[in-house]
Amino acid sequence: MNIRECYDTIGADFEDVLGRLGSESLIQRFALKFIDDGSYNELTEALAEKNAEKAFRAAHTLKGICLNLGLKNLYTVSSDLTEKLRGRELDGYEALYEKVSEQYKITVNGADKHVTTKGTGTYRYGYELWITAEVEAGYHFINWNMDSSLTESSMKIEVTGDKTYTAYA
């Protein structure tokens, strides 16, 4: 799946962001950085901690990134949540956060609909294994979620704790 198809899959505005950034390769570079961005996780942590100030800042950052990348569906719901949290009050945020969470998952998983990962499961600490991303015909492997420079579809890992590896195509 190329970056344009990925944008189409998640209902994002590729042409708008192409007009601002000027090249598909630049869009892809920033889109991959978005996948590694911590704003959504910071928002989730702040809400769990009941920290309204931190939650507002994270929601506001997420909203801005989505606007810049043309991720209109996630932008819309994160904007609604940002406005709810602007007064630094948490009352009634739950339904809006649920919409952000749902749209965030759609957005970050849009690139990985055509990949099957082999080597998944539960392993003991210190165990070494190979994981492999098998990509459907017509698509090509891009990278792994933890490091955009990991561009080989197979890699050896050592279990050092709970981790989730996602392959993007």
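Biologist: Is Leu150 buried, partly exposed or exposed?
Modeller: Leu150 counts as partly exposed, because its relative accessibility is 29%, where buried means under 20% relative accessible area, exposed means over 50% and partly exposed lies in between, with a 1.4 Å probe and protein chains only. Please keep in mind that this is a predicted model, in which local features need pLDDT of at least 70, side-chain atom pairs count only at pLDDT 80 or more, and totals for chains, interfaces and linings use all residues. Residues are numbered from 1 along each chain as its sequence is written, and side-chain values use heavy atoms, with hydrogens and water left out.

Biologist: Where does Leu150 sit, and what does Leu150 touch?
Modeller: Leu150 is placed in the loop between strand 3 (143-144) and strand 4 (154-158), with helices (H or I, at least four residues) and strands (E, at least two) taken as DSSP runs numbered from the N terminus. Leaving aside residues up to four places away in sequence, Leu150 touches Phe141, Ile142, Asn143, Trp144 and Met155, a contact being heavy atoms within 4.5 Å.

Biologist: Stepping back, which elements does the protein have, and in what order do they run?
Modeller: There are seven helices and five strands, and from the N terminus on they run α-α-α-α-α-α-α-β-β-β-β-β. Of the 169 residues, 39% count as buried, and of the contacts with a separation of 6 or more, 56% are between residues 24 or more positions apart.

Biologist: At what angle do helix 1 and helix 2 pack?
Modeller: Helix 1 (residues 3-10) and helix 2 (residues 14-21) pack at about 135°, with their axes 10 Å apart; the axes are lines fitted to C-alpha atoms, for helices over the stretch in contact, and angles run from 0 to 180 degrees between N-to-C directions. The two helices are therefore oblique to each other, since under 35 degrees counts as roughly parallel, over 145 as roughly antiparallel, 65 to 115 as roughly perpendicular and the rest as oblique.

Biologist: Which residues make that contact?
Modeller: Helix 1 contributes Ile3, Arg4 and Tyr7, while helix 2 contributes Phe14, Glu15, Val17 and Leu18. They divide into five nonpolar, no polar and two charged residues, where Ala, Val, Leu, Ile, Met, Phe, Trp, Tyr, Cys and Pro count as nonpolar, Asp, Glu, Lys and Arg as charged, and the others, Gly among them, as polar.

Biologist: New topic: which residues other than glycine have a positive phi?
Modeller: Lys50 is one of them, with a positive phi of about 60°, and Arg88 is another, with phi near 60°. Most residues other than glycine have a negative phi.

Biologist: Where are Lys50 and Arg88, and are they exposed or partly exposed?
Modeller: Lys50 lies in the loop between helix 4 and helix 5 (52-69) and is exposed, with a relative accessible area of 55%. Arg88 lies in the loop between helix 6 (72-85) and helix 7 and counts as partly exposed, at 33% relative accessibility.
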